[in-house]
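This report describes how one protein chain is put together. The sequence and the model are shown first, and the description follows.

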Amino acid sequence: MEQSVRDTDQYAAYIYKFIQKYIQLSEAELNRYLPYVEVRQFKKREVILQYGQVENYLNLVVKGLVRKYTQVGKLEKTLQLSKEGQLIQSEMSFHTRIPSSMITEALEPSILVSMRYEHIQYAVDTIPGAEHLARQMMTYLFIKKDARYFKQLKNSTRQRFLNYVTNHPNMLQRVPQKILASYLDIKPETFSRLKHLLKDPKKEDK
């Protein structure tokens, strides 16, 4: 989908607020990045990145909900759910330039602000501070991914469920149950049973 300058300008404040989490930029400095930003829109259940395609974008979700998953036999394994204000991409494909073993799709009508791989490389080479920003963002993503992985290993099925719904209460309404169960590494039938804990948090697994 073609970008328009108006669309980029519309989301400039959103992008500025997001970047400030990683590095302090003036609005003038931010404006140097905006020519490389694309605004992309996707319909509900539209595939953003197909299996076997090379990931060319780093994406920030500004509206909607996007998931990343892979196929394991006949099952879909959800690896990431990104809502407003969160990044998503197939990292291995993006950084190595090899075909992706992941698929990304919009679970809701979604708007992404995206930067292409070659534009990021150009920005890093030409804009002061861009390399530091890119390094900060990548470090944050890797730390977040490892933290989630080890937390899932450490916690019981019951703890994983309760921790997630406590910290993300609206996701039960936004994400289909089968997909959310896959993301939390919980069998769908166990997930259904655990939903009763929302009425009685002290109830133990049987």
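## The main core

In this predicted model, the largest nonpolar core has 30 residues. Ile-15, Ile-19, Leu-87, Val-113 and Met-137 are the residues with the most contacts inside this core. At least two core residues come from each of these elements: α2 (12–19), β1 (37–42), β3 (57–63), β8 (110–116), α5 (117–126) and α6 (130–154). Helix α6 gives the largest share, 5 residues. In soluble globular proteins, nonpolar side chains tend to be buried together.

Met-137 shows which parts of the chain meet here. Setting aside neighbours within four places in sequence, Met-137 is in contact with Phe-18, Tyr-22, Leu-58 and Leu-87. Another core, of 18 residues, lies apart from the largest one. Met-171, Val-175, Leu-180 and Ala-181 are among the residues of this other core.

## The sheet β1-β8-β3-β6

Which strands make up the open sheet that contains β1? There are 4 of them, in the order β1-β8-β3-β6, and their pairing is antiparallel. The edge strands are β1 and β6 (87–88), each of which pairs on one side only. Strands β3 and β8 run antiparallel and are joined by 6 bridges. Leu-60 has Val-113 in β8 as its bridge partner, and Val-113 is also one of the residues with the most contacts in the largest core.

Helix α2 touches β1, β3, β6 and β8, and its direction makes about 115 degrees with that of β3. Helix α5 touches β1, β3 and β8, and its direction makes about 55 degrees with that of β8.

## The sheet β2-β7-β4-β5

Another open sheet of 4 strands has the order β2-β7-β4-β5, again with antiparallel pairing. Its edges are β2 and β5; each has a single partner strand, so one side of each is left without a neighbour in the sheet. On average, neighbouring strands here are turned by 35 degrees against each other, direction ignored.

Strand β7 (residues 103–106) pairs with β2 (residues 47–49) through 2 bridges, the two strands running antiparallel. In this pairing Val-47 stands opposite Glu-105, and Leu-49 has Thr-104 as its bridge partner. Strand β7 also pairs with β4 (residues 66–72), in the antiparallel sense and over 4 bridges; here Tyr-69 stands opposite Ile-103. In a regular strand the side chains alternate between the two faces of the sheet. Are the residues on the two faces of β7 buried or exposed? Ile-103 and Glu-105 on one side are buried, and so are Thr-104 and Ala-106 on the other, which leaves both faces covered.

Helix α7 spans residues 157–167. Its buried residues are Arg-158, Arg-160, Phe-161, Leu-162, Tyr-164 and Val-165.

## Salt bridges

How many salt bridges does the model contain? The count comes to 9. Side chains of opposite charge can pair when their charged atoms come close. Lys-68 and Glu-91 meet in one of these salt bridges, at 2.6 Å from N to O. This pair links distant parts of the chain, with Lys-68 in strand β4 and Glu-91 in helix α4 (residues 91–96), 23 residues apart. Lys-68 counts as buried because its relative accessibility is 5%, under the 20% limit. Glu-91, at 11%, counts as buried too.

Arg-116 forms a salt bridge with Glu-118, and their closest N and O atoms are 2.8 Å apart. Arg-116 is partly exposed, with a relative accessible area of 22%, and Glu-118 is also partly exposed, at 38% relative accessibility. The side chains of Glu-131 and Arg-135 meet in a salt bridge at 3.9 Å, N to O. Both residues lie in helix α6, 4 residues apart, about one turn of the helix. Arg-135 is partly exposed, with a relative accessible area of 45%. Finally, a network of salt bridges links Arg-45, Arg-67, Glu-76 and Glu-105; Glu-105 is among the buried residues of β7.

Notes. Residues are numbered from 1 along each chain as its sequence is written. This is a predicted model: local features need pLDDT of at least 70, side-chain atom pairs count only at pLDDT 80 or more; totals for chains, interfaces and linings use all residues. Side-chain values use heavy atoms; hydrogens and water are left out. Buried means under 20% relative accessible area, exposed over 50%, partly exposed in between (1.4 Å probe, protein chains only). Two strands pair if DSSP finds at least two bridges between them. A nonpolar core is a set of buried Ala, Val, Leu, Ile, Met, Phe, Trp, Tyr and Cys residues joined through side-chain atoms within 4.5 Å. Contact means heavy atoms within 4.5 Å. Axes are lines fitted to C-alpha atoms, for helices over the stretch in contact, and angles run from 0 to 180 degrees between N-to-C directions. A salt bridge is a side-chain nitrogen of Lys or Arg within 4 Å of a carboxyl oxygen of Asp or Glu.
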